[in-house]
Amino acid sequence: MITVSFAKSVKSSDVFVFATVNGKVKNSELSNADLKIIQNALKQSKFVAQSEKIMTVWGSAGKTIIAGVKDEADLTFQNLGGNLVSAVKEDETAVYYPATDSVNEVVQVAFGLLLGSYRFDKYLTKETADKKLKLKKMTFITDNPAQAKKLFQEKQIIAESVYLARDLCSEPANALTPKIFADKIKDLSNSGLSVDILTVKELKAKKFGMLLSVAQGSANEPRVAVMKWIGNPKKKTFDLGLVGKGVTFDSGGISLKPGANMGDMKQDMTGAAVVTATMRSFALRQVKQNIIGIVGLVENMPSGTATRPGDIVTSLSGQTVEILNTDAEGRLVLGDCLWYMQSTYGVKKIVDLATLTGAVMMALGEEYAGLFANNDVLADNLTTAGQETGEHLWRLPMNKAYNKMLDSPIADMKNIGGRYAGGSTAACFLGRFIKEDTVWAHLDIAGVDSSEKGTPTCPKGSSGWGVRLLNAFIK
Ligand code: BES
Ligand code: MN
Ligand code: ZN
């Protein structure tokens with residue numbers, strides 16, 4: 001991770017970044033010669049009218065980058081920070097001169113810089129210049145370095161947690177089995193979380209029937225991880241529960257997926273990664289609430305021991321399920337985890353995250369995650385947090401008609417609806433494992449779990465979508 005620091009001035013740097021808002025530079029830091037160079041450059045380009053734009057010129061001190069924004073919104077500054085990564089890439093140190101007097105500007109730009117400079121390069125044995133990052137350090141000039149540092153602390157924790165989620169999602173399934181994932185979660189104990197791992201023996205004893213039916217075809221045993229953060233010890237209940245789908249590889253099982261892009265299904269544990277990373281950030285931020293996270297970690301594989309289409313299993317809740325498609329496995333994993341969270345820990349407000357359906361990905365693409373909720377206030381609060389962080393949600397319906405599509409003639413329900421409204425029937429399936437008085441939202445993140453082309457704050461690849469949203473939501 002690039003080292004970020006804040007200072008009133010710097011002595012030397014490989015590259016100098018001057019920010020402008022609407023084409024205006026703060027000139028107090030500039031020599032007259034540089035001011036001329038920059039103003040000329042600004043005049044000759046259409047720079048003024050464009051946002052988050054970057055231009056490189058040669059000033060008296062060396063490589064000089066002019067970075068422009070059109071407005072002073074947090075997300076604009078974050079994008080600018082992300083865009084700086086490619087602009088300074090051959091250099092090791094950079095200094096950023098802000099366009100405004102606001103401490104918030106440098107904090108947001110620095111946050112964007114961290115988000116945008118993420119690289120997953122541990123498996124690249126031969127150094128390729130643009131894949132591995134050279135930039136080591138960026139110093140942000142501000143009148144109030146102490147205040148900037150303090151505000152940035154929280155952003156740094158969140159950025160590191162986004163990195164953790166992206167790392168977990170980028171790992172191939174042979175390097176991140178359910179057991180290895182659970183071990184990594186256990187390691188988070190040192191951030192202040194209390195962690196319990198349920199092994200297959202315990203899952204059998206407790207009767208996680210649906211989750212175990214997904215796992216039974218794989219040579220890699222399942223795990224369920226429970227993470228607790230107690231930020232308000234006086235209160236004996238949990239304020240919020242987070243549940244994540246952690247299918248470390250989804251082949252589809254006996255209802256095998258087609259070969260094309262099947263490798264993407266190593267990321268079918270994004271929900272679990274985001275819940276894990278978010279719990280870490282809550283602990284390190286010392287959030288003053290009690291929050292519990294539960295993730296179901298399984299691998300969905302075809303084999304002689306795998307669940308067959310047509311099999312009927314009994315869930316942890318006691319309800320029976322006819323499994324007509326073994327590729328609709330996420331809901332089976334989540335249903336048991338949701339039930340466990342309510343019945344064992346009495347949680348009354350739950351948000352789950354899952355790469356659950358191709359249908360939601362088709363509907364909303366990479367722009368919005370699907371939001372399903374049984375409570376309008378919760379839905380609105382999540383939507384607002386999405387707008388603040390740029391992790392957008394779009395609410396989709398869950399009603400009786402969709403729910404009815406899950407009825408089975410020989411069991412309490414089937415695990416698939418029909419050809420249509422796949423996101424809604426999946427959500428209704430989960431709803432059958434939500435108690436009457438539980439306030440609940442389900443985020444279908446199948447489309448937003450990675451970025452195909454990359455954005456300023458998310459290089460091509462796993463996005464870690466949800467960590468920022470949930471951190472804003474908890475506030
Ligand atoms: N993990 C997939 C959903 C998915 C698809 C996520 C593409 C990201 C990209 C999920 O387990 C699945 O296979 N869902 C099926 C459900 C169907 C069989 C009812 C789907 O969406 O096709
Ligand atoms: Mn599947
Ligand atoms: Zn899946």
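Biologist: Quick one to start: in which loop is Ser315 found?
Modeller: Ser315 is found in the loop between strand S12 (311-314) and S13, where helices (H or I, at least four residues) and strands (E, at least two) are DSSP runs, numbered from the N terminus. This is a predicted model, in which local features need pLDDT of at least 70 and side-chain atom pairs count only at pLDDT 80 or more, while totals for chains, interfaces and linings use all residues. Residues are numbered from 1 along each chain as its sequence is written, chains are lettered from A and ligands numbered from 1 in the order in which they are written, and side-chain values use heavy atoms, with hydrogens and water left out.

Biologist: And is Ser315 buried or exposed?
Modeller: Ser315 counts as buried because its relative accessibility is 3%, given that buried means under 20% relative accessible area, exposed over 50% and partly exposed in between (1.4 Å probe, protein chains only).

Biologist: What separates the C-alpha atoms of Ser315 and Asp91?
Modeller: Those C-alpha atoms are separated by 56 Å, with the two residues 224 apart along the chain.

Biologist: Switching to the ligand: which of the 16 residues around ligand 1 come nearest?
Modeller: Lys257, Asp268, Asp327, Glu329 and Gly358 come nearest, where a residue is near a molecule or strand if one of its heavy atoms lies within 4 Å of it. By class, the shell has five nonpolar, four polar and seven charged residues; here Ala, Val, Leu, Ile, Met, Phe, Trp, Tyr, Cys and Pro count as nonpolar, Asp, Glu, Lys and Arg as charged, and the others, Gly among them, as polar.

Biologist: Which strand and helix each supply at least two residues of that shell around ligand 1?
Modeller: Strand S10 (240-250) and helix H10 (358-364) each do.

Biologist: What lies 2.8 Å from an oxygen atom of ligand 1?
Modeller: That is a polar side-chain atom of Glu329, while a polar backbone atom of Gly358 is 2.7 Å from a ligand oxygen, and an N or O atom in the side chain of Asp250 is 2.9 Å from one. The protein covers 77% of the 520 Å² of accessible area that ligand 1 has on its own, with accessible areas taken from the Shrake-Rupley method with a 1.4 Å probe and, for residues, only the protein chains shown counting as cover.

Biologist: Next topic, how many salt bridges are there?
Modeller: The count comes to 20 salt bridges, each one a side-chain nitrogen of Lys or Arg within 4 Å of a carboxyl oxygen of Asp or Glu. Asp327 forms one with Lys257, the closest N and O atoms being 2.9 Å apart. This pair links distant parts of the chain, 70 residues apart, with Asp327 in the loop between strand S13 (320-323) and helix H9 (330-345) and Lys257 in the loop between S10 and helix H8 (270-285). Asp327 is partly exposed at 22% relative accessible area, and Lys257 is partly exposed at 21%.

Biologist: What does Lys235 form a salt bridge with?
Modeller: Its partner is Asp239, with the closest N and O atoms 2.3 Å apart, and Lys235 counts as partly exposed because its relative accessibility is 34%.

Biologist: Where is Asp239 found?
Modeller: Asp239 is found in the loop between S9 and S10. The side chain of Asp239 also makes a polar contact with that of Lys235 at 2.3 Å, meaning a pair of N or O atoms within 3.5 Å; within protein, one must be able to donate a hydrogen and the other to accept it, and residues adjacent in sequence count only if both atoms are side-chain atoms. A polar side-chain atom of Asp239 lies 2.8 Å from the backbone nitrogen of Asn290.

Biologist: Why is strand S9 largely enclosed by the rest of the structure?
Modeller: Seven of the eight residues of S9 (residues 223-230) are buried, so the strand is largely enclosed. S9 runs antiparallel to strand S8 (residues 194-198), joined by five bridges, and pairs with strand S11 (residues 290-300) in the antiparallel sense over eight bridges, where two strands pair if DSSP finds at least two bridges between them. Ile197 stands opposite Ala225 in S9, and Trp229 has Ile291 in S11 as its bridge partner.

Biologist: Last one, how many of the ten residues of helix H13 are buried?
Modeller: Eight of the ten residues of H13 (residues 422-431) are buried, so this helix is largely enclosed by the rest of the structure; among the buried residues are Gly423, Cys428 and Phe429.
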